[in-house]
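Subject: Structure for your review

Dear colleague,

Please find below the structure I am handing over to you. My notes on what was found in it follow.

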Amino acid sequence: MRPLLVLLRTRLEWCNYTCHYCPWNANEVRVEAEAFREDARRLDRLVERIAELPRPVEFFITPKAEYMVLPYWREAVTRLLALPQVRRVTIQTHLGWDVEAYVPLIDANKLALWTTYHPTETSAADLETLRRRWLFLRDAGVRFTVGIVGTHENLPAMEAMRAWLPGDIYLWVNAYKREPDYYTPGQLEQIRAVDPHFDRNNQHYPSLGQPCTAGSHAVYLDDEGDLRRCFFVGTVLGNLFRDGWVTHSAPMACPVATCHCYVGHMHIVELGFRDLYGENLAVRHPRDWPRRREEVEQKGIEPSTSALRTLRSPN
């Protein structure tokens with residue numbers, strides 16, 4: 001039986017980074033200390049309730065915008081990983097926390113990380129730390145991928161990072177969709193050489209009426225315990241504290257005109273994300289990646305001089 005995929009985020013909107021493309025960056029969002037205390041209380045209540053429910057589940061924690069730098073979030077994840085009904089916890093994170101100290105404390109086989117690389121926030125020293133942490137995760141057997149936002153200014157760093165990463169580590173590019181026709185044909189080819197699956201993400205998919213597994217195979221859980229089909233469909237299916245895990249019995253038609261984000265795209269049956277990623281749907285690691293990486297290497301992709309400089313120079 002496939003575990004229920006639970007997408008989890010709380011109302012906390014905060015990050016210690018200042019990326020201009022993120023609405024929750026530290027320059028824009030100021031959070032009072034009480035908001036963190038309240039977040040910790042709500043999270044503790046959720047974990048206690050999850051422990052009471054025997055249904056097999058997999059968590060995909062997708063914060064606004066970083067949780068794992070907070071000690072109480074690491075503690076909560078540790079508790080989730082220790083539950084027998086929790087098959088895996090996948091976390092979106094910029095990896096700016098001591099993962100080398102954390103991983104030995106948990107079952108590394110049940111942890112997966114969707115790690116994001118933000119060049120504007122990464123000095124030369126920070127980059128060396130990131131590199132060390134990625135290689136540590138690889139040696140520790142933790143499933144993970146590396147991602148970068150595909151802004152124009154990030155493309156040199158994208159190329160350089162792909163050239164540096166070992167071939168079995170998948171680097172994906174999040175499409176920047178705030179401006180229509182943002183990429184030139186040449187830039188699209190540049191990105192596809194790094195991420196062969198980029199075109200699946202670089203679209204506003206006309207999803208209205210399309211069969212979607214959000215609500216049947218996956219649900220969105222908030223910090224009140226309310227369950228919804230996904231982040232983009234507001235109708236509440238039920239409440240975890242009152243009803244347990246409430247889901248539809250089969251895929252339902254999407255009620256939204258377009259779907260524009262990976263955490264939505266991944267559920268639409270026609271797009272085939274489950275076929276592409278299999279059990280690694282949340283961590284975004286394609287089944288075919290080692291083979292596809294060999295194909296990319298055979299094309300002789302070389303980073304540009306400016307790209308290499310990007311990885312060698314501090315901000």
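**The largest cavity**

The largest cavity is lined by Y170, W172, V173, D195, H197, F198, R200, N201, Y262, F273, Y277 and R284. Please note that this is a predicted model. Two or more of the lining residues come from each of β8, α7 (198-201) and α10 (273-277). The greatest contribution is that of α7, which supplies three residues. By type, the lining of the largest cavity comprises seven nonpolar, two polar and three charged residues. The space inside the largest cavity is about 50 Å³, and the structure holds one cavity of 30 Å³ or more.

**The largest pocket**

The largest pocket holds about 940 Å³ of space. Its lining is made up of 38 residues, of which W24, Q92, V149, N174 and C261 are the closest to the centre of the pocket. Several elements give two or more residues each to this lining: the strands β4 (64-65), β5 (86-93), β6 (111-116), β7 (143-149) and β8 (171-174), together with the helix α9 (262-265). The largest share comes from β7, with three residues. In the lining of the largest pocket, 20 residues are nonpolar, 12 are polar and six are charged.

**Two packed helices**

Two packed helices are described by the angle between their axes and the distance between the axes. Helix α1 (residues 33-51) packs with helix α2 (residues 71-82) at an angle of about 0°, and their axes are 10 Å apart. The angle therefore makes α1 roughly parallel to α2. On the α1 side, the contact involves F36, D39, A40, L43, D44, V47, E48 and I50. These residues meet Y72, W73, A76, R79 and L80 in α2. The residues of this contact divide into nine nonpolar and four charged, with no polar ones.

**The chain as a whole**

The protein chain contains 12 helices and 15 strands. Its radius of gyration is 19 Å, close to the 20 Å that the globule rule gives for 315 residues, so the chain is as compact as a globular protein of that length. Taken along the principal axes, the C-alpha atoms fill a box of roughly 60 × 45 × 35 Å.

With kind regards

Notes. Residues are numbered from 1 along each chain as its sequence is written. This is a predicted model: local features need pLDDT of at least 70, side-chain atom pairs count only at pLDDT 80 or more; totals for chains, interfaces and linings use all residues. Side-chain values use heavy atoms; hydrogens and water are left out. On a 1 Å grid over the protein atoms alone, a cavity is a set of points where a 1.4 Å probe fits but cannot get out, and a pocket is an open set with protein on both sides within 12 Å along at least five of seven lines; lining residues have an atom within 4 Å of a point. Grid points are joined across faces, edges and corners, and a volume is the space filled by probe spheres set on the points. Helices (H or I, at least four residues) and strands (E, at least two) are DSSP runs, numbered from the N terminus. Ala, Val, Leu, Ile, Met, Phe, Trp, Tyr, Cys and Pro count as nonpolar, Asp, Glu, Lys and Arg as charged, and the others, Gly among them, as polar. Axes are lines fitted to C-alpha atoms, for helices over the stretch in contact, and angles run from 0 to 180 degrees between N-to-C directions. Angles under 35 degrees count as roughly parallel, over 145 as roughly antiparallel, 65 to 115 as roughly perpendicular and the rest as oblique. Contact means heavy atoms within 4.5 Å. The radius of gyration is taken over C-alpha atoms; the globule rule is 2.2 Å times the number of residues to the power 0.38.
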